[in-house]
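Visitor: I have a protein model open and would like to go through it. Can we start with the rings?
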Amino acid sequence: MAMSMMIQSHVPAGLNAGINRKSVIRSAHQEVVIDRRSSSKVSNRANRLTESLSNLLHLHVETPPRREIRYTNWDFVGEEKHSTPVMSPKEVISEKWRDLHGCMDWDGLLDPLHPRLRREIVKYGEFAQATYDAFDFDPFSEYCGSCRFNRNKIFEKLGLDKNGYKVCKYIYAMSHIDMPQWLNRSRLGQTWSKDSNWMGFVAISDDEETRRIGRRDIVVAWRGTVAPSEWYEDFQRNLEPIGHGEAKVEHGFHSLYTSKSEFTRYNKSSASEQVMEEVTKLVKFYKEKGEEASLTITGHSLGGALALLNAYEAAASIPGLPINVISFGAPRVGNIAFRNELHQMGVKTLRVVVKQDLVPRMPGVVFNESLQKFDEITGTLDWVYTHVGAELKLDARSSPYLKRGFNLLGFHSQETYLHLVDGFVSGNSDFRSDARRDVALVNKACDMLIDELRIPHCWYQMENKGLVRNAHGRWVKPKREPEDIPFVGEVNSHALQSQRHLQPMYI
């Protein structure tokens, strides 16, 4: 059973409503091709699509009611917002870091949402967003599927250089494996890699941030993407074993995490091996220095699924290491035994979910954790998907800045998630009036903001779609700086360290 839609990216790309079979939708960095019709017809088709999809999958998908927006001086609101910082103040949390890291499963901290926890969730969510913003989605680029920047300047380029972390490792995953078309490939013959995609990074807190948060924090951020049409069809029957017990996880996620080939440049080792080698090395390095370390793994959508697999492996490999996962819009990953083993190993998981987002309902939209109520009759069902950990549930209707109506991709966008987290106070409270994040970020790759704010939709893109004028006045694709070219930049970085005879230091 397949959905009557095709979505080929992680974020909305210019849609305010319906999607038809002829539409080609990619990320904010890519071209959008949509059948142009009147907005009213498209809106009606979107609502019909929502109802059909809901009935087909026996889901209750709540379409936010349309509301009349009274006149507000939105220009004044904009001016007022423009004169405030875009980040909440960084408070010292060194004495409370274990509670914020989930040692008590965030009991009493989620509703109402503790301000310090909100700040930390946004921090890790911005790491997940960075994996999208730095990714080369352009199918006509010879570097499609790679990171646009080298690890030493990625945060600077993305405006995250004040976050207190430094990237120390990039992660690559196989793109030619038996799975839905989650990963990007160049259309060109000459390309940086036909086998691999950049999937995220490992970062470490610097000394100042370490003092503020009370421990040396190792962060792994996994890039996501979303293709629900393939997900539902592929995920209903493909659970496979993991570990030595009864735990099982979805085949596609596990394959992406563990696949490797000796005939590739970037995946002679799997994403699993790459990340675990770096994390193990960092833990050992700081343990020998007498420092306490933690592991925080984050990701959006598919990235949230990979984060859970990463946490499972890390907990099994490094006993005693505090590990938590903060995921956004993540699907289910494994069966009940998988959830139970994660709990027994001490992994703490916080799932941030938007009520209107369909992806967290997959896979297992028909057979899921709701069947656990029949355990006494059926016994434990090892083929039933279930979610893991605590849940922070957000409602797109809570924000006065977001349009009403159905926007499948907009509800799933990571920037929508971050906007709603920043404004969430409690389930019974209005949107936070002193929310700090720039509201304009919501429309980076979708059309979710009300028109009164006058923010163009899908505004985040390469200037002139990446073309520049050369010395002869011709428009061409620019050459990357050597340090930003995959492999070349990494080789030069390692060579420089060897020449200086330096032990790698993680600041």
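Guide: A definition comes before the count: rings of Phe, Tyr and Trp (its six-membered ring) pair if their centres lie within 6.5 Å. Planes under 30 degrees apart count as stacked, over 60 as edge-to-face and the rest as tilted. Keep in mind that this is a predicted model.

Visitor: How many aromatic pairs does that rule give?

Guide: The count comes to 17 aromatic pairs. One of them is formed by Y172 and W192, with 6.0 Å centre to centre and 50° between the planes, so by the cut-offs it is tilted.

Visitor: Which parts does the pair of Y172 and W192 tie together?

Guide: Y172 lies in strand β1 (residues 165-174), and W192 is in the loop between β1 and β2 (196-205), so the pair ties together parts that are 20 residues apart in sequence.

Visitor: Are Y172 and W192 buried or exposed?

Guide: Y172 is buried, and W192 is buried too. Y172 also forms a tilted aromatic pair with Y266, at 4.7 Å centre to centre and 40° between the planes.

Visitor: Where is Y266, and how many residues apart are Y172 and Y266?

Guide: Y266 is in the loop between α8 (251-258) and α9 (271-288), while Y172 is in strand β1. They are 94 residues apart, and the pair links distant parts of the chain. Y266 is buried, as is Y172.

Visitor: Which rings are linked into a cluster?

Guide: Ring pairs join Y124, F127, F155, Y165 and F201 into a cluster.

Visitor: What about charges? What lies over the face of F135?

Guide: R223 does, at 3.7 Å from the ring centre. Elsewhere, K444 has its charged end over the ring of Y460, 4.7 Å from the centre of that ring.

Visitor: Changing topic. How many helices and strands does the chain have?

Guide: The chain has 15 helices and 13 strands. It has 507 residues, of which 55% count as buried.

Visitor: Why do they alternate?

Guide: In a regular strand, side chains alternate between the two faces of the sheet.

Visitor: How many bridges join β9 to β11?

Guide: Five bridges join strand β9 (residues 348-354) to β11, and the two strands run parallel. Opposite K393 in β11 stands V353.

Visitor: On to the backbone. Where are the cis peptide bonds?

Guide: One joins D111 and P112, with omega about 10°. P112 lies in the loop between α3 (97-100) and α4 (115-133). Another joins M362 and P363, with omega about -20°. P363 is in the loop between β9 and α12 (375-378).

Visitor: And phi? What is the value for N464?

Guide: Phi of N464 is near 55°, which is a positive value in a residue other than glycine. K465 also has phi near 55°, again positive in a residue other than glycine.

Visitor: Where are N464 and K465?

Guide: N464 is in the loop between α14 (414-423) and β12 (468-469). K465 is in the loop between α14 and β12 as well.

Visitor: Which one is exposed and which is partly exposed?

Guide: N464 is partly exposed, with a relative accessible area of 45%. K465 is exposed, with a relative accessible area of 55%. The cut-off for exposed is over 50%.

Conventions
Residues numbered from 1 in each chain as written. Predicted model: local features only at pLDDT ≥ 70, side-chain atom pairs only at ≥ 80, totals over all residues. Heavy atoms only, no water. Pairing = 2+ DSSP bridges. Helix = DSSP H or I, 4+ residues; strand = E, 2+ residues; numbered from the N terminus. Buried < 20%, exposed > 50% of the residue type's maximum accessible area, 1.4 Å probe, protein only. Lys NZ or Arg CZ within 6 Å of the ring centre and 35° of its normal.
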